[in-house]
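Please keep the sequence and the 3D view open while reading.

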Amino acid sequence: MATLILGTVGRALGGPLGGLVGTVIGSTLDRGIFGGGATREGPRVANLAVQSAAYGEPLPRIYGRMRVAGSLVWTAGIRESRTSSSGGKRGAATSSYSYSASFAVIVAARAIVRVERIWADGKLLRATDGTLIYPATIRAYTGSEGQLVDPLIAAAEGVGAAPAYRDRAHVVFEDLPLADYGNRIPNLTFEVVADDDDIAVEAIARDIAGPGLGGDTAGPMLLGFAAARAGSIRATMTQLAEIGDLVVRDADAGLVLGPGTSTTIPADVLGASEAHAAPAWHTSREAGDSIPDALVFGFSDPARDFQPGQQRAVRRSPVLRSEAHDLPVAATAAAAKQLAEILLRRAIARRSTALLAMSWRYAALRPGDAVLVEGYPDPWRVRRTTITGAVIECEVERIASPPGAPSTTADSGRVYAPGDAPNGPTVLHVLDLPSLDGVATTPRLLLAAAGPSSGWRRAGVVVSRDGGASYATVATIDTPATLGVAASPLPAGTTDCWDRLSTIDVDLLEGAMTLESASEAAVLAGANLALAGDEVFQFARAEAVAPRRYRLSVLLRGRRGTEAAVATHAASERFVMLDAGSVTAFDPPIDAIGSPLIFKAVGPGEDIVTVFGIAVVPVGVALRPLSPVALTVTTLANGDRLISWIRRSRAGFAWIDGADAPLGEEAERYRVTIAFGATVVRAVEVGGTSWTYPAASFAADGGGTAGSLTAAVAQLGAAVGPGSAATCTI
């Protein structure tokens, strides 16, 4: 807006010159206020990161080392596999489905040296050394002239109908499991090596242009380049010319790549004309606004797994207008920074042009040749020559001087390095524990799995009820639990208050696993619930004492009704963090109680036959009532013994208000057992929280001569009978 207004005012007051001055001032104001408009776009690179299956899509020619997506050229479609399993007497039959695909992807339209890393949906599928991170059968072909047809394609298409894709580097995937990719063919990218060393820009240009282009120069070196755009050879040559400042000249024998002759012209021969010769020449320079304040160079950064990177060269600050040049090259951050500086210097130099008029003695000058006028320090390059009679007119542009050290240092920024370790084996724990949330109405087992490898991602858990003859999938675990073993046995301790004396050292399964301390209030609210052996406990303090080893202290013991396990610990027993998000519940049918089950955790690519099985006989701990508490035996005045207790409930483990806990069972029933010494003399079932042992029955049972009386009380459940008993000995 200021450009228009001030330009008009300037013309009204000062004529054409005033209009020019007003326009310049207005342009400066507009740039300061509005930032100079949209960013200018330089050359753009074809998308090398998105896989295509479109007919007619250009295939990239790869030089050096690049990461490309390629084109899907053949597929046998997605194959569905079905696995059925019987549910037993009461369980329903189940069917599970898995999907895989076989296909081929062309990665380069010329022969290459090899294919190294492969990514699927951005995640590493194959490492540089060929290690498979995900299960896959992969065959890579370099595109040699004697290349044979892939056997899978030949079997699918028939002998004679299957192409060998000679001079086309391609990769064949056979029955790639698709579970990790949403049951679809993933977007695949490949690290393609076409020359182990750096490659010269001129060498790339000569290969693309063909044998008709002469010349023998080295020029700048690149880590990699991809000719991936549809269109003429000229389009790719333009990209290369921008990188390497290439000159294609018309020599006597044809087109030649490389700079021409360098000629020094005496100043007194300039200004020639048909009538006379005078020492003069004409120079011009474009306005400063024609040059961006900053040039942004886009490239593929090998330090970031060839992901797009940017480096910037700045002419002046503040930057109000920048120009982007995205080119299909692989380069280090430092080399890209230098290229950005070079491109900006060339743009600045090309602002200056000149028109030289000389005698016929300089008729040999051709576009691409360099000239130096005596008395002037800057070299020039011939853009166009015109011969009129005996006068040679040359249009020239200034050649940029070589750049010095970059104005700022260059780096690739913070690099995220995803793990490239294979999934590896799976450690599985099948836990028959009291319910961790609510009242269980069916048998419940908890599945906790993780791997000793940092690359562990998931495992499918299968179970057999017929001794391993058949298996059914019951869960897919993709969140690792925190697992380990006890480096020292947990001593016996109190269960009715904080145990501040006992400690346990735990060795975790994998280095990335951690344990954290929590406040005592958070522990009372449910934090840091864990299992050691068969005891469920909680801890408030976790101290790292060695790599992967933690010392746990300030404990709450025998949680969730596991008091009986407090005194049964041993070294090397299992340790499992009972986080709700990392343990998976599996509810087998009721008739599975007492029957052996075999569990297997099958990771990606593992054969179910070779995976070690875990035999478990569920007893339905989640269905068993808890043992009563506060069991007492009181002798009354008439000689009767009053046995009383307070119930506990599977419906809630906390005694919040001092009142009776909710029942949690279909009916309130208890079994009371009386023993003299080691001999059980009486067992009765009662419907309340007390029972009177009559004096007459005491005498009839031989109580008068017995050395001790032991009363045991267990609550009865509808599904699994009596739970753990509370005992009192007199």
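## The barrel

Strand 28 (residues 483-486) and strand 29 (residues 504-508) run antiparallel and are joined by 3 bridges, where two strands are taken to pair if DSSP finds at least two bridges between them. Within this pairing, glycine 484 has leucine 508 in strand 29 as its bridge partner. The two strands belong to a barrel that 6 strands close in the order 28-29-32-31-30-33, with antiparallel pairing, and the twist from one strand to the next averages 45 degrees. Strands (E, at least two residues) and helices (H or I, at least four residues) are DSSP runs, numbered from the N terminus.

## Basis of the model

The model is predicted, and local features need pLDDT of at least 70, while side-chain atom pairs count only at pLDDT 80 or more and totals for chains, interfaces and linings use all residues. Residues are numbered from 1 along each chain as its sequence is written, and side-chain values use heavy atoms, with hydrogens and water left out.

A separate description applies to an open sheet of 4 strands, which has the order 40-39-42-43 and antiparallel pairing. Strand 40 (679-686) and strand 43 (721-729) stand at the edges with a single partner strand each, so one side of each lacks a neighbour in the sheet. The twist in this sheet averages 20 degrees from one strand to the next.

Strand 39 (residues 670-676) pairs with strand 42 (residues 709-717) in the antiparallel sense over 7 bridges, and phenylalanine 676 has leucine 709 in strand 42 as its bridge partner.

Helix 3 (residues 201-209) and helix 4 (residues 233-244) pack at an angle of about 170 degrees with their axes 10 Å apart; axes are lines fitted to C-alpha atoms, for helices over the stretch in contact, and angles run from 0 to 180 degrees between N-to-C directions. Helix 3 is therefore roughly antiparallel to helix 4, since angles under 35 degrees count as roughly parallel, over 145 as roughly antiparallel, 65 to 115 as roughly perpendicular and the rest as oblique. In this contact (heavy atoms within 4.5 Å), Val201, Ile204, Ala205, Ile208 and Ala209 of helix 3 meet Ile233, Thr236, Met237, Leu240, Ile243 and Gly244 of helix 4. These residues divide into 9 nonpolar, 2 polar and no charged, with Ala, Val, Leu, Ile, Met, Phe, Trp, Tyr, Cys and Pro counted as nonpolar, Asp, Glu, Lys and Arg as charged, and the others, Gly among them, as polar.

The axes of helix 4 and helix 5 (residues 333-349) come within 9 Å and cross at roughly 95 degrees, which means that helix 4 is roughly perpendicular to helix 5. Here Ala241, Glu242, Ile243 and Gly244 in helix 4 meet Leu339, Leu343 and Arg346 in helix 5, and the residues of this contact divide into 4 nonpolar, 1 polar and 2 charged.

## Alanine 333

Alanine 333 lies in helix 5 and is buried, with a relative accessible area of 6%; buried means under 20% relative accessible area, exposed over 50% and partly exposed in between (1.4 Å probe, protein chains only). Leaving aside neighbours within four places in sequence, alanine 333 is in contact with Phe299, Gln311, Ala410, Asp411 and Ser412. The C-alpha atoms of alanine 333 and glutamine 311, 22 residues apart along the chain, are separated by 7.1 Å.

## Cysteines

A search of the whole structure finds 0 disulfides, a disulfide being a pair of cysteine sulfur atoms within 2.5 Å. Cysteine 394 counts as buried at 1% relative accessibility, whereas cysteine 497 counts as partly exposed at 41%.
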